[in-house]
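The structure goes in first.

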Amino acid sequence: MTPAGEASWEANADLVVVGGGVAGLTAARAASLRGLKVLTVSKGGPTDTATQYAQGGIAVVGDLRTDSVDSHVADTCAAGAGLCDEDAVRSIVAGGADAVAALTDLGAVFDRGRDGAVSRTREGGHSTRRIIHAGGDATGAEVQRALNAAGLPVLFGAAAARVVTNDRGVVGLLVLSDEGLGVIHTPSVLLATGGLGQLYSCSTNPPGATADGIALALDAGAAVADVEFVQFHPTVLFTPGGIGRRPLISEAVRGEGAILVDGNGDSVTAGVHPMGDLAPRDVVSRAIADRIRRLVTDHVYLDARGLAGFAERFPTVTASCLAAGIDPAHQLIPVAPAAHYACGGVVTDVHGRTEVSGLYAAGEVARTGLHGANRLASNSLLEGLVVGERAGIAAVERSGLPVEVGSADLRSRPHVARDRMQALMTAHASVVRDGAGLSTAASELAGSVQLVPADATGLEDAALTVTAAALVLAARARTESRGCHTRSDFPEASESLRHGIEVRLGSDGELELPELVTAPN
């Protein structure tokens with residue numbers, strides 16, 4: 001038991017935002033503009049976010065002569081394979097234009113064509129060109145730059161350790177920083193911690209994507225759902241022996257005309273889907289995984305040699321390729337799928353509210369109902385902007401409530417050694433899964449647990465461990481193939497499983513599965 005009074009430092013805030021990416025900083029700004037005292041904590045630096053690495057762009061309806069909210073909703077729901085909440089999709093998509101306008105007011109600069117209009121490209125699953133981008137393929141970096149430039153105070157190098165609650169909801173947050181244990185007395189905490197890519201040996205995510213928000217929410221009594229749906233980006237730069245964060249080859253490269261081929265020069269997606277190389281990501285990832293298995297290889301290729309001005313349109317991709325000794329103007333780009341985006345997360349409404357009073361979540365860590373069983377390309381920055389702002393506004397409802405953290409546990413938590421856990425998840429819970437492999441993963445995760453100290457690394461390892469266990473539990477229960485969850489032993493979708501699978505911590509501290517997930521009112 002660590003009494004709050006023994007903490008190295010204390011603070012007070014109306015809202016604490018955990019995470020410094022698009023959702024967190026947007027929420028912090030929205031709350032600050034409404035008079036709230038906001039403290040943002042980030043365990044990394046100002047650019048150690050998934051937002052920073054987002055290449056493709058922001059999906060937002062533009063010219064109503066060629067696009068509409070209805071069309072964007074239809075594309076999103078089609079990609080979501082029956083699990084999207086259509087009302088939530090419509091609400092978030094309809095908020096896109098205003099969210100982008102607010103970002104532009106902050107100074108974000110998007111690419112424009114010769115006619116002066118904002119340029120738009122097309123990505124997999126979209127029926128039209130509605131993706132706006134910046135710096136060619138550096139949209140996330142521009143979004144991060146604009147939000148950082150807003151000058152909101154952020155406490156960097158501070159890891160959230162535990163959300164403290166009582167019978168009225170959130171009362172504080174325990175934080176580990178260079179100054180030691182800190183206690184922030186607050187009635188509202190927003191989780192904007194990003195994804196869970198470090199569950200796997202290879203990912204497009206930054207090193208800090210260790211599922212922190214999932215663990216914090218479960219510990220606080222909130223539910224998570226759809227965690228079995230992990231989107232694997234089909235085209236990540238492949239290098240022999242490459243592990244950790246790998247550079248992605250933006251889907252927009254295929255949107256501009258690049259094609260996927262195997263080592264024999266044959267199309268990878270021909271006959272697989274009517275949209276071919278621009279099919280939804282789960283379709284393309286499965287096609288690549290199947291071709292890799294059949295040819296007994298470890299990668300395929302992206303042929304972008306026919307694209308004029310490739311280096312100018314895709315400077316980030318070009319730099320990554322050249323660093324690996326590949327000239328995309330004259331050589332095929334070796335690619336393979338890698339963990340990219342968590343479609344599920346902490347269950348919220350479209351304003352970021354969870355079932356725990358005062359606990360909010362926004363961005364990749366949240367499950368709003370937008371993504372369903374598979375995220376439509378470039379809907380992530382859109383969701384972060386729209387729901388981030390709404391969550392910041394929603395926090396006003398608890399402003400001024402009296403809060404006081406009495407005493408709170410900062411206890412050691414179970415974990416599996418990270419390299420062992422990543423190997424298990426990569427082998428048994430990747431693009432294609434089966435019951436036997438998932439059972440093996442569950443057994444080894446349960447049998448390899450050790451207690452870790454309550455330090456920053458220990459918090460990450462513990463978060464990854466509980467999230468891996470939750471993902472495997474839900475994947476075993478989902479005895480079907482749907483969206484980006486593919487079971488080779490259950491290759492068809494099941495109508496009886498056309499609902500979210502909720503996971504929460506029981507009173508005994510063990511994960512459990514209620515039958516059906518519903519969003520809070």
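My notes follow, one topic at a time.

**Helix contact.** I am working from a predicted model. I looked up α1 (residues 22-33) against α12 (residues 379-394). Their axes come within 7 Å and cross at roughly 35°. I logged the crossing of α1 and α12 as right-handed. Next I listed who meets whom. From α1 I have Val 22, Ala 23, Thr 26, Ala 27, Ala 30 and Ala 31. They meet Leu 381, Gly 384, Leu 385, Gly 388, Glu 389, Gly 392 and Ile 393 in α12.

**Cysteines.** How many disulfides does the count come to? I got 0. I then checked Cys 77: the nearest cysteine sulfur is that of Cys 84, 4.6 Å away. Cys 77 is in no disulfide, because a disulfide needs the two sulfur atoms within 2.5 Å. Cys 84 is likewise in no disulfide, with the sulfur of Cys 77 as its nearest. Are these two buried or exposed? Cys 77 is partly exposed, at 22% relative accessible area. Cys 84 is buried, at 17%.

**Sheet.** I traced an open sheet of 4 strands in the order β2-β11-β10-β9. Its pairing is mixed. The edge strands are β2 (9-12) and β9 (159-166), and each pairs on one side only. Neighbouring strands of this sheet are turned by 25° against each other on average, direction ignored. I followed β9 to its partner β10 (residues 169-177): the pair is antiparallel, over 7 bridges.

Notes: Residues numbered from 1 in each chain as written. Predicted model: local features only at pLDDT ≥ 70, side-chain atom pairs only at ≥ 80, totals over all residues. Heavy atoms only, no water. Axes fitted to C-alpha atoms, helices over the stretch in contact; angles between N-to-C directions. Helix = DSSP H or I, 4+ residues; strand = E, 2+ residues; numbered from the N terminus. Left-handed = near helix turned anticlockwise from the far one by under 90°. Contact = heavy atoms within 4.5 Å. Buried < 20%, exposed > 50% of the residue type's maximum accessible area, 1.4 Å probe, protein only. Pairing = 2+ DSSP bridges.
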